[in-house]
Amino acid sequence: ALAILTSSPRACRALFDLENERHRVLRTFTLLIDPAVLAGREEDEEEVPESHPGLVHRGVVCARNFLVNLDGGSRKALTETEEIPGLLTSLTNVVKRNDGNMELIRPTAEALKALIDCGMTISR
């Protein structure tokens, strides 16, 4: 449902406002894509669950939709939040671990491009 919801620019704007207020949207996308990225940031987290391939795909699509449906100024504002590095790392990990699955690579690349277009740099 979240992937469908994020296909709406209006819904993405509401999620952007929620992110600014609660700082949960980018964190949720990151957890769906690669829970290990946030490991160590949580004091009471004992084990890092592996993400299910279906959840990874949904998380990537949600992140991609969210980023491309926001205006440039909103995307730029996101690049200055403390949650964006985790999302960036989770997306680059998808590319590094991928076996050529274009259904996953394409939205991942589009999400990364949206971040690069706003001035983010991606390290190896």
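Q: What is the handedness of the crossing of H4 and H7?
A: H4 and H7 cross left-handed. That term applies if the near helix is turned anticlockwise from the far one by less than a right angle. Keep in mind that this is a predicted model: local features need pLDDT of at least 70, side-chain atom pairs count only at pLDDT 80 or more, and totals for chains, interfaces and linings use all residues. Residues are numbered from 1 along each chain as its sequence is written, and side-chain values use heavy atoms, with hydrogens and water left out.

Q: At what angle do H4 and H7 pack, and how far apart are their axes?
A: The angle is about 35°, and the axes are 9 Å apart.

Q: Which residues of H4 meet H7?
A: Val 56, His 57, Val 60, Val 61, Arg 64, Leu 67 and Val 68. Their partners in H7 include Glu 103, Leu 104 and Pro 107. Contact means heavy atoms within 4.5 Å. By class, the H4 and H7 contact has 10 nonpolar, two polar and three charged residues.

Q: Which residues of H4 are buried?
A: Among them are Gly 54, Val 56, Gly 59 and Phe 66. Buried means under 20% relative accessible area, with a 1.4 Å probe and protein chains only. The cover over the buried residues of H4 includes H1, H2, H3, H5, H6 and H7.

Q: Switching topic: how do H3 and H6 pack?
A: H3 (residues 25-33) and H6 (residues 84-97) pack at about 25°, with axes 9 Å apart. So H3 is roughly parallel to H6, a label for angles under 35 degrees.

Q: What does H3 bring to that contact?
A: Leu 26, Phe 29, Thr 30 and Ile 33.

How values were computed:
Axes are lines fitted to C-alpha atoms, for helices over the stretch in contact, and angles run from 0 to 180 degrees between N-to-C directions. Helices (H or I, at least four residues) and strands (E, at least two) are DSSP runs, numbered from the N terminus. Angles under 35 degrees count as roughly parallel, over 145 as roughly antiparallel, 65 to 115 as roughly perpendicular and the rest as oblique. Buried means under 20% relative accessible area, exposed over 50%, partly exposed in between (1.4 Å probe, protein chains only). Ala, Val, Leu, Ile, Met, Phe, Trp, Tyr, Cys and Pro count as nonpolar, Asp, Glu, Lys and Arg as charged, and the others, Gly among them, as polar.
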